[in-house]
Amino acid sequence: MNNTKPDISWVVADRTEKDVSLSKEMFPISRSREARKFHRQIPGYKMSPLRSLPNLAHLFGVGGIWVKDESCRLELNSFKVLGGSFAIYRFIQERLSLPAERLTYEYLTSSEVKEALGEITFASATDGNHGRGIAWASKTLGFNCEIYVHSETSQRRIDAIKNYGANVKVIEGNYDDAVRQIVIDAEKHGWEIVSDTSWDDYTEIPAWIMQGYTTMMAEIQEQLSGQGIIKPTHVFVQAGVGALAAAVIGYYHSLFGNDAPKCIVVEPEDAACIYESARHKDGKIHNVEGDLNTIMAGLACGEPSPIAWDILKETADAFVSVPDYVAAKGMRIYATPLKDDPFIISGESGAVTLGALVAILKERGVEELRDCLKIDKNSEILFINTEGNTDPVLFKQIIWEGSNPVPKEYWTDQD
Ligand SMILES: Cc1ncc(COP(=O)(O)O)c(C=O)c1O
């Protein structure tokens with residue numbers, strides 16, 4: 001490696017004690033149990049695998065590398081469906097004033113519930129995977145669905161949403177413009193918005209979505225304990241609006257308080273709104289404007305979800321922003337396993353955290369972050385492969401054709 005300056009940027013949180021009260025309030029264990037109980041009833045549900053990469057861990061000089069592989073989540077190639085489906089379940093539960101025990105999956109899909117609810121259209125803006133999850137959940141549960149995407153969304157992603165029977169509308173502008181437009185149109189048409197991002201007076205459904213993601217966390221903890229590990233020492237999690245990161249990090253802080261793993265949030269450099277908010281060190285949200293151009297479609301968001309930011313600002317240990325080729329490198333590492341490590345299909349948003357770890361461990365000029373994270377031979381590092389090849393053409397361009405190559409000065413020498 002002969003870089004003169006690092007290509008990644010970071011902010012280390014400089015607090016001594018973390019305030020975990022919000023994490024405990026938002027992610028009580030009882031809610032995560034309820035989410036898992038609901039998801040378990042969905043036909044086809046099974047735990048997504050937690051994959052171990054011992055040879056890669058050895059190469060990097062760490063104790064273990066664990067990858068929760070959400071490319072195997074139902075038929076959807078991404079974790080996102082966990083949030084949308086749980087939010088729709090909670091919505092119906094509240095609308096019918098039913099206790100959790102009464103609202104089984106079977107009852108939820110019954111004609112009795114349909115009659116009681118009448119016609120409902122669920123609606124959301126998306127940069128791909130959330131919309132696909134909502135379309136799938138609406139179709140599975142028998143409701144209509146309207147999804148708004150922004151103008152940079154690939155046709156493959158649009159088709160994947162349409163396949164589940166949703167109406168898809170393309171909105172001029174970026175993801176945040178699509179969110180603004182669907183709020184206006186939902187009001188006009190009486191649609192129910194199921195958004196993964198929150199705003200001033202819209203927090204309940206985004207909170208349910210985040211709670212829905214904790215099914216994945218409960219699975220991880222069960223899978224790790226099967227390996228004799230109580231908790232990871234480090235968790236790397238990617239962020240768009242920050243809902244996933246807040247769910248992962250909030251869950252761990254709800255469970256372990258100040259003994260939670262060290263948590264690192266990773267974003268694309270042209271859409272790094274959580275990093276930007278952390279960089280100002282004033283506790284406030286700072287948006288990123290522009291076309292949010294990145295290959296990491298799932299992370300192309302310029303405005304953090306306020307309820308997610310409230311958790312992240314109190315609990316995340318570091319905020320990292322990286323160029324696109326770091327994600328492409330992560331994808332190629334997953335796709336070329338060492339010795340008998342498993343092969344993992346990881347899309348652009350899924351692989352960026354592994355790419356970020358390599359940069360942190362190997363690049364010159366990153367010493368401050370390395371020292372603060374204290375990654376060593378005892379570290380058990382958790383990644384979430386949040387998506388498989390959700391855009392198969394882009395996936396092939398990167399893996400087969402070598403698009404988004406790492407500039408030579410950032411090549412790492414690992415023998
Ligand atoms: C594959 C993938 N990973 C990560 C994320 C980030 O989630 P969030 O927007 O909650 O930060 C998304 C969001 O759509 C995604 O699609």
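Among contacts in the protein chain between residues at least 6 apart in sequence, what percentage join residues at least 24 apart? The share is 76%, a contact being counted where two C-beta atoms, placed from the backbone, lie within 7 Å. The model is a predicted one, in which local features need pLDDT of at least 70 and side-chain atom pairs count only at pLDDT 80 or more, while totals for chains, interfaces and linings use all residues. Residues are numbered from 1 along each chain as its sequence is written.

The protein chain has 17 helices and 11 strands, these being DSSP runs (H or I, at least four residues, for helices; E, at least two, for strands) numbered from the N terminus. The C-alpha trace spans about 65 × 45 × 45 Å along its principal axes. The radius of gyration of the protein chain is 20 Å, which agrees with the value near 22 Å that a compact globule of 415 residues would have; the radius is taken over C-alpha atoms, and the globule rule is 2.2 Å times the number of residues to the power 0.38. Buried residues make up 53% of the 415 residues, where a residue is buried if 20 or more other C-beta atoms lie within 10 Å of its own, exposed if 12 or fewer, and partly exposed in between.

Strand 3 (residues 64-69) is largely enclosed by the rest of the structure, because 6 of its 6 residues are buried. In a regular strand the side chains alternate between the two faces of the sheet. In strand 3, Gly64, Trp66 and Lys68 point one way and Ile65, Val67 and Asp69 the other way. Strand 2 (residues 50-52) runs antiparallel to strand 3 and is joined to it by 3 bridges, with Leu50 opposite Lys68, whereas strand 11 (residues 380-385) pairs with strand 3 in the parallel sense over 6 bridges, with Leu382 opposite Trp66; pairing requires that DSSP find at least two bridges.

Val12, in strand 1 (residues 9-12), counts as partly exposed because it has 16 C-beta neighbours inside 10 Å. Leaving aside neighbours within four places in sequence, Val12 is in contact with Ala318, Glu368, Leu369 and Cys372.

Around the ligand there are 22 residues, of which Asn129, Gly240, Ala243, Gly298 and Thr386 come nearest, a residue being near if its C-beta atom, placed from the backbone, lies within 6 Å. Helix 7 (129-141), helix 11 (243-256) and helix 15 (348-362) are the elements that give two or more residues to this shell, and the largest share, 3 residues, comes from helix 11.
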